[in-house]
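The model comes first, then the discussion.

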Amino acid sequence: MSLLPLDPPGVDEPTAVPEVKSAWSRVRRLLTAAFVWCPVLVVMLSAVAVIPVWVSSGGREWSWIPAVGAAVIAAVGALWIRRNSTVNPDRWPSTSFLLMVVQSMFGLIGATVVVGASLDDSELTWILGAASLGAVAAVLTGSALAFSAMRTIRPPSSAAWGETSFEVDFGVRYIRDCQPVMLGEEVSSQPWMLLRSGTPIWAMPGEAIQIHGQSGEFVIPVENAEMVAGLVRRRVRRAARQGPSER
């Protein structure tokens, strides 16, 4: 069984959206590297560090705890991404960062403490420095891979992402239709919206989307209005098929 689904989450016919299927394949590789291979590497390094101490003690000492702890944390991370990979991509980088920090501290730094008990000060300093560099490298690598996975689909590059189950940054429950429009010079004559503080926000002439909802019509200035409108329309149709709780 694959850790992550082979097809883009929520898509009924992946062959109908080849650009999404291709992007999801890249996301799968990046997430697997961030949440599986990076943690596995930390487990292996922790085990290699403590095995000599464990063997020399005849297997009686508790020197294996850092490696086992790192393995448990790695399993938790893999389970998390398996259950949450299709929900909110914005959480991938921060979760990977937290996972790698905790695992590196418990595994690599913990293994250094175990090994350091049998070393003199100069050797301990060298081992601690190497472990610290390994921990930093693991954290940065895992976070960078997860961030690259997120940026592959955020912001969406195609309206076809509206067919997926990934969260988008707007609700569609009360949206009936959406279409691209062009704002003219007249939009500069009055504020587009007012913040709660009373500060006016002015729209600039250019692309926008016009949303038709139960409460009326309103316009949102955006870049690439044609793509955004298409994404909203697809998500509206998907929500209509699967229920009003979809986003």
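Q: Is C38 buried or exposed?
A: The model is predicted, and the relative accessible area of C38 comes to 12%. Buried means under 20%, so C38 is classed as buried.

Q: What is the relative accessibility of C178, and how does C178 count?
A: The cut-off for buried is under 20%. C178 has a relative accessibility of 1%, so this cysteine counts as buried.

Q: How many disulfides are there?
A: A disulfide is a covalent bond between the sulfur atoms of two cysteines. Here a pair needs its sulfur atoms within 2.5 Å. By that rule the number of disulfides is zero.

Q: Which strands stand at the edges of the open sheet of three strands?
A: The strand order is β1-β4-β5, with antiparallel pairing. One side of β1 (175-183) and one side of β5 (216-221) lack a neighbour in the sheet, because each has a single partner strand. The edge strands are therefore β1 and β5.

Q: Which residue in β5 stands opposite I209?
A: Strand β4 (residues 206-213) runs antiparallel to β5, and six bridges join them. Across from I209 stands I220.

Q: How are helix α2 and helix α3 oriented to each other?
A: The axes of α2 (residues 65-84) and α3 (residues 92-116) come within 8 Å and cross at roughly 170°. Angles over 145 degrees count as roughly antiparallel, so α2 and α3 are roughly antiparallel.

Terms used
Residues numbered from 1 in each chain as written. Predicted model: local features only at pLDDT ≥ 70, side-chain atom pairs only at ≥ 80, totals over all residues. Heavy atoms only, no water. Pairing = 2+ DSSP bridges. Helix = DSSP H or I, 4+ residues; strand = E, 2+ residues; numbered from the N terminus. Axes fitted to C-alpha atoms, helices over the stretch in contact; angles between N-to-C directions. Parallel < 35°, antiparallel > 145°, perpendicular 65-115°, else oblique. Buried < 20%, exposed > 50% of the residue type's maximum accessible area, 1.4 Å probe, protein only.
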